[in-house]
Amino acid sequence: ISAELAERVFRSRLDQVTDWRMRAAAHIDFGRKLAHVGQYKRAHDETTTAIGIYRGSGVSSADLAPALTQLSWQLYELNEMQKARATAEEAIAVWREFPSSEMDWPKDVAESFNVLGTALSGIGDEESARGAYECALQLRERFQETLPEERRRQNPLVAASLLNIGITFIKSAQWGEVKSFMESSVQAYR
């Protein structure tokens, strides 16, 4: 019922929006809400609509890369690993078009690398997945350094990256590497 109500509100507001950025953002937001309730196909369709709006605008926008990252997660949830990988790679390529993007948006760029790692792991390419997760870890550590001390301890993203790297070692049966990443992940979560 909440998805139905959200859709009614979304559709009624969308009719009133003429600015392309606001229309795209509305589709992104609704797609995110649909994904949160497990409606990945519908979420995919909304996110794809937003990406079409961004691309059709003819304007270089920093909103395209996060939209591609969101779409990549939805493709992953739909078990379309190759498409999820390609979409995450496209998001990273878009980020790289912006000067200093890794410094300006480290958390967002890290999420693009994170979904790339997840898609690569889903394909079975654990070595490449590990490389993507390591990029995400470096960016997340860089982002964490910018946070106030009290928020650093509440940021689980570094711990999640360490866990993901550990899991790639488990999946490729490299047991000697697993323990240190898992222990570091637990310590970071604490």
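Tutor: Ala119 is found in helix 7, where helices (H or I, at least four residues) and strands (E, at least two) are DSSP runs numbered from the N terminus. The model is a predicted one, in which local features need pLDDT of at least 70 and side-chain atom pairs count only at pLDDT 80 or more, while totals for chains, interfaces and linings use all residues. Residues are numbered from 1 along each chain as its sequence is written, and side-chain values use heavy atoms, with hydrogens and water left out.

With a relative accessibility of 0%, Ala119 counts as buried; buried means under 20% relative accessible area, exposed over 50%, and partly exposed in between, with a 1.4 Å probe and protein chains only. Apart from neighbours within four places in sequence, Ala119 is in contact with Tyr76, Met81, Ala84 and Arg85, contact meaning heavy atoms within 4.5 Å. The C-alpha atom of Ala119 is separated by 9.0 Å from that of Ala86, which is 33 residues apart along the chain.

Two packed helices are described by the angle between their axes and the distance between the axes. Helix 7 and helix 4 pack at an angle of about 20°, with axes 9 Å apart; axes are lines fitted to C-alpha atoms, for helices over the stretch in contact, and angles run from 0 to 180 degrees between N-to-C directions. The two helices are therefore roughly parallel, given that angles under 35 degrees count as roughly parallel, over 145 as roughly antiparallel, 65 to 115 as roughly perpendicular and the rest as oblique. Their crossing is left-handed, that is, the near helix is turned anticlockwise from the far one by less than a right angle, with clockwise giving right-handed. From helix 4, Thr69, Ser72, Trp73 and Tyr76 meet residues of helix 7 that include Val115, Thr118 and Ala119. By class, this contact of helix 4 with helix 7 has 4 nonpolar, 5 polar and 1 charged residues; Ala, Val, Leu, Ile, Met, Phe, Trp, Tyr, Cys and Pro count as nonpolar, Asp, Glu, Lys and Arg as charged, and the others, Gly among them, as polar.

Helix 4 itself is largely enclosed by the rest of the structure, because 10 of its 14 residues are buried. Among the buried residues of helix 4 are Thr69 and Ser72. The cover over its buried residues includes helix 2 (20-36), helix 3 (40-56), helix 5 (81-97) and helix 7 (106-123).

Helix 7 also packs with helix 8 (residues 126-145), at an angle of about 160° and with axes 8 Å apart. Helix 7 is therefore roughly antiparallel to helix 8, and their crossing is left-handed. The contact of helix 7 with helix 8 comprises 13 nonpolar, 5 polar and 4 charged residues.

From helix 8 the account passes to helix 10: the axes of these two come within 9 Å and cross at roughly 165°. Helix 8 is therefore roughly antiparallel to helix 10, again in a left-handed crossing. Ser161 lies in helix 10 (residues 157-171) and, at 1% relative accessibility, counts as buried. Beyond neighbours within four places in sequence, Ser161 is in contact with Tyr133, Ala136, Leu137 and Arg140.
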